[in-house]
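I opened the notebook to record what I looked up, entry by entry.

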Amino acid sequence: MAGGWLMLPLLIGSAVALAIVAERFWSLRKEQIAPSNLLTQLQQNAPQGRLSAEHMKALEENSPLGRILAAGLKQAGKPRADIRAAMEEVAVQEVHELERFLSTLGTIAAISPLLGLLGTVVGMIDVFTAIMLHGSGDTALLAGGISKALITTAAGLCVAIPAMFFHRMLLRRVDEIAVSMETQAAELLTWLLDIEKKQEA
């Protein structure tokens with residue numbers, strides 16, 4: 001109430017940012033997205049690089065990494081470029097899904113200080129209007145007006161700093177997961193090509 005009407009979008013932004021951070025922390029669990037033992041299990045269950053339709057469906061439903069590996073398995077026996085292209089196409093979609101809501105979080109981090117600054121400007125306009133109407137003799141009035149003007153700046157920074165911190169942290173987590181999926185996809189590609197060479201020999 002002391003900060004004026006611009007505190008409302010700041011409060012809404014803080015609530016949205018908090019919800020996004022909680023949801024992304026829950027969703028971006030590495031073992032849920034890119035299980036470290038998935039490729040090993042796949043190699044044990046399909047030593048020839050072939051899976052039945054039922055097992056292929058189970059692999060696709062396992063995790064985002066499972067969908068990438070399944071895309072590669074479906075191209076087994078084809079040239080390296082075709083297998084890689086199939087996995088990269090799915091990987092782009094999966095990484096895009098991992099980054100869901102992060103652009104919104106970054107936007108909140110960017111505009112919150114600006115909203116706070118706008119609140120300060122509006123508050124200072126009110127202060128100078130009061131000076132024009134009542135003069136500058138009432139220091140309590142001036143101090144109260146300036147204090148009110150600065151509340152929105154402080155609130156904007158309080159929203160922006162944690163939002164920026166978690167935005168960077170979650171982007172880093174997405175990058176780490178993407179690297180892990182890329183590594184396992186490359187290992188699958190090498191494994192499939194080795195199987196093909198053995199069969200040709």
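Which residues of H5 are buried? I took buried to mean under 20% relative accessible area, exposed over 50%, and partly exposed in between, with a 1.4 Å probe and protein chains only. I found Pro64, Leu65, Gly66, Ile68, Leu69, Ala70, Ala71, Gly72 and Leu73 on the list, and H5 is mostly covered, with 9 of its 11 residues buried.

Before going on, I noted that this is a predicted model, in which local features need pLDDT of at least 70 and side-chain atom pairs count only at pLDDT 80 or more, while totals for chains, interfaces and linings use all residues. Residues are numbered from 1 along each chain as its sequence is written, and side-chain values use heavy atoms, with hydrogens and water left out.

**Helix pair.** I looked up helix H4 (residues 53–62) and helix H5 (residues 64–74), whose axes come within 6 Å and cross at roughly 145 degrees; axes are lines fitted to C-alpha atoms over the stretch in contact, and angles run from 0 to 180 degrees between N-to-C directions. The contact (heavy atoms within 4.5 Å) is made by Met56, Leu59 and Glu60 of H4 and by H5 residues including Arg67, Leu69 and Leu73. Helices here are DSSP runs (H or I) of at least four residues, numbered from the N terminus.

**Core.** I then turned to the largest nonpolar core, which has 39 residues, those with the most contacts inside it being Leu69, Leu73, Met181 and Leu188. Such a core is a set of buried Ala, Val, Leu, Ile, Met, Phe, Trp, Tyr and Cys residues joined through side-chain atoms within 4.5 Å. The largest share of this core, 13 residues, comes from H8. Leaving out residues up to four places away in sequence, I listed Ile33, Ala34, Pro64, Leu65, Ile68, Val95 and Leu98 as touching Met181.

The largest pocket has a volume of about 290 Å³. On a 1 Å grid over the protein atoms alone, a pocket is an open set of points where a 1.4 Å probe fits, with protein on both sides within 12 Å along at least five of seven lines, and lining residues have an atom within 4 Å of a point; the volume is the space filled by probe spheres set on the points. Among the lining residues I noted Ile68, Arg84, Val95, Met181 and Glu182, and H8 gives the largest share, 6 residues.

**Loop residue.** Phe101 lies in the loop between H6 and H7. I noted its positive phi of about 75 degrees, although Phe101 is not a glycine, and Phe101 is partly exposed, with a relative accessible area of 36%.

Methods:
Helices (H or I, at least four residues) and strands (E, at least two) are DSSP runs, numbered from the N terminus.
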